[in-house]
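Subject: Structure handover

Hello,

Here is the structure for you to look through. Please open it before you read on. My notes follow below.

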Amino acid sequence: MEQLIVNGPTRLEGTIPVSGCKNAVLPIAVAAAILGDSVSVLRNVPDLTDVATLRAVLEGLGAATKLKGSTLYIQPVNHLEYEAPYELVRKMRASIYVLGPLVAKLGRAKVSFPGGCAIGPRPIDLHIRGLEHLGAQVQVQQGYIYAQAPRLVGTEMYLTGQYGPSVGATANVMMAATLAEGTTVIRGAAREPHVSDLARFLNAMGANIEGIGTPMLTIHGVKHLRGTEHTVISDDIEAGTFMAAAAITKGDVYVKGITAAQLPAVSDKLTEAGVALDWDDGGVRVTTPRPLSGIDVTTSPFPEFPTDMQAQIMGLLCLASGTSTITEKVHTDRFIHAAELNRMGANIALDGRRAVIHGVSSLSGAPVMASDLRAGAVLVAAGMAAMGETVVSRVYHIDRGYESMEKKLNRIGANILRVNDSWEEM
Ligand code: UD1
């Protein structure tokens, strides 16, 4: 397995480009492969292991895919399989996105029940409930979800659970509803930028979705969706990660290819902590003209502060003066990185869903372990600010969602080496 060796402290300086949005590409590729009846061309697709995993899932269902540079070609086939097996689904929870489209297109689906993960149990009751509202019969047996409906029928539904709206359930049900008979209204829909990008893609395929970007989506069913061309939006979380990394290294970085509207709460909170953000049409310049000060952050669905930026802001707040708090309201168990940051000299205390961070003046390098994708990102960022060598293991988590992360950071001043963990024996 690979590790990243981060030597610090380093200061980031220069321009860093943002890649296409992972969480947009995944459902868009599913829609192209299952709902479309001709080839789709997706541009600005990041080269990530999650994208490779999804391609394997879609090819297992019978679609053909080809990635050339950052362009992904998807050819749906006439004889789709209706089964997504455990061996593939277990690698990536987002495989659940095939459920709704398969029922809508084939009238039935058999999809392995996704497991929990390092950030909590992550149920799929809202996905199931939404499809049942559309008239599907859904059963869970022996680890598989079986769903069937000769034809889905539009209806009104409320799709928010105890932790708020669900990105995945909104996307799944919206995709299914595009081919349903009549009109579907989803209230309590997720509004994340990637959900809107999926909706725009579906409309370009011939769907009729209104209310994009609002909590109420109205989907008028159509008979067919055709392939189309689409440029995927840039990744707000990757951009936010680079913004936090620029600030934690007290750097001067232009994060290229992002708009303020994609991450309003992250911009607000960075500014409140003392980071200067200078936006223009092409991106944002990030500098740290004054010492960072502690702030309070609560994660919530868009447009509030994203849970996927919680680890990265925690890293930054470790070096802010005074006391900060972070309340995690989206995922039940998403503070594993706190213990790893403490190994680097941070002072973070956990109390259920709340983390209390007492600022320290410096961090020191240590061997640490990435427990999930974003936890991996904060350990790399903290390593760049820390004194000495930080060895981040379980790098495969980072590769799931960051395209060439260390290459991009090294180009602007980081000192990160990727090695095999057998290197020590050499
Ligand atoms: C997506 C993102 C993930 C991000 C999350 C929240 C993708 C591929 N992943 O995950 O990176 O952290 O949004 O922004 O886009 N819930 C239920 N029942 C359900 C579904 C969800 O209770 O049926 C709960 C979840 O456990 C969680 C909350 O709702 O507490 C939000 O989850 P959701 O928005 O569905 O996350 P994902 O779509 O899995």
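Which residues in α11 meet which residues in α12? On the α11 side they are His 337, Glu 340 and Leu 341. On the α12 side they are Ala 375, Val 378, Leu 379 and Ala 382. Keep in mind that this is a predicted model.

**Helices α11 and α12**

Helix α11 covers residues 336-343, and helix α12 covers residues 373-385. Their axes are 10 Å apart, at an angle of about 15°. Angles under 35 degrees count as roughly parallel, so α11 is roughly parallel to α12. Their crossing is right-handed. Sorted by class, the contact of α11 with α12 has 5 nonpolar, 1 polar and 1 charged residues.

**Helices α1 and α7**

Next, look at α1 (residues 22-35) and α7 (residues 193-204). The two axes come within 8 Å and cross at roughly 25°. These helices are therefore roughly parallel to each other. α1 passes α7 in a right-handed crossing. From α1, the contact uses Asn 23, Ala 24, Pro 27, Ile 28, Ala 31, Ala 32 and Leu 35. From α7, it uses His 194, Asp 197, Leu 198, Phe 201 and Leu 202. By class, the contact of α1 with α7 has 9 nonpolar, 2 polar and 1 charged residues.

**Helices α5 and α6**

Then find α5 (residues 125-133) and α6 (residues 167-178). Their axes come within 8 Å and cross at roughly 25°. That angle makes α5 roughly parallel to α6. The crossing of this pair is right-handed. α5 brings Leu 126, His 127, Gly 130 and Leu 131. They meet Gly 168, Ala 169, Asn 172, Val 173 and Ala 176 in α6. The contact of α5 with α6 has 5 nonpolar, 4 polar and no charged residues.

**The cores**

In soluble globular proteins, nonpolar side chains tend to be buried together. The largest nonpolar core here has 77 residues. Leu 58, Val 98, Met 174 and Leu 202 touch the most other members. Helix α1 gives the most to this core, with 11 residues.

What does Val 98 contact, leaving aside its neighbours within four places in sequence? Val 98 is in contact with Val 30, Ile 34, Val 57, Leu 58, Leu 61, Ala 84 and Val 111.

Best wishes

Conventions
Residues numbered from 1 in each chain as written. Predicted model: local features only at pLDDT ≥ 70, side-chain atom pairs only at ≥ 80, totals over all residues. Heavy atoms only, no water. Core = buried A, V, L, I, M, F, W, Y, C linked by side-chain atoms within 4.5 Å. Buried < 20%, exposed > 50% of the residue type's maximum accessible area, 1.4 Å probe, protein only. Helix = DSSP H or I, 4+ residues; strand = E, 2+ residues; numbered from the N terminus. Contact = heavy atoms within 4.5 Å. Axes fitted to C-alpha atoms, helices over the stretch in contact; angles between N-to-C directions. Parallel < 35°, antiparallel > 145°, perpendicular 65-115°, else oblique. Left-handed = near helix turned anticlockwise from the far one by under 90°. Nonpolar A, V, L, I, M, F, W, Y, C, P; charged D, E, K, R; others polar.
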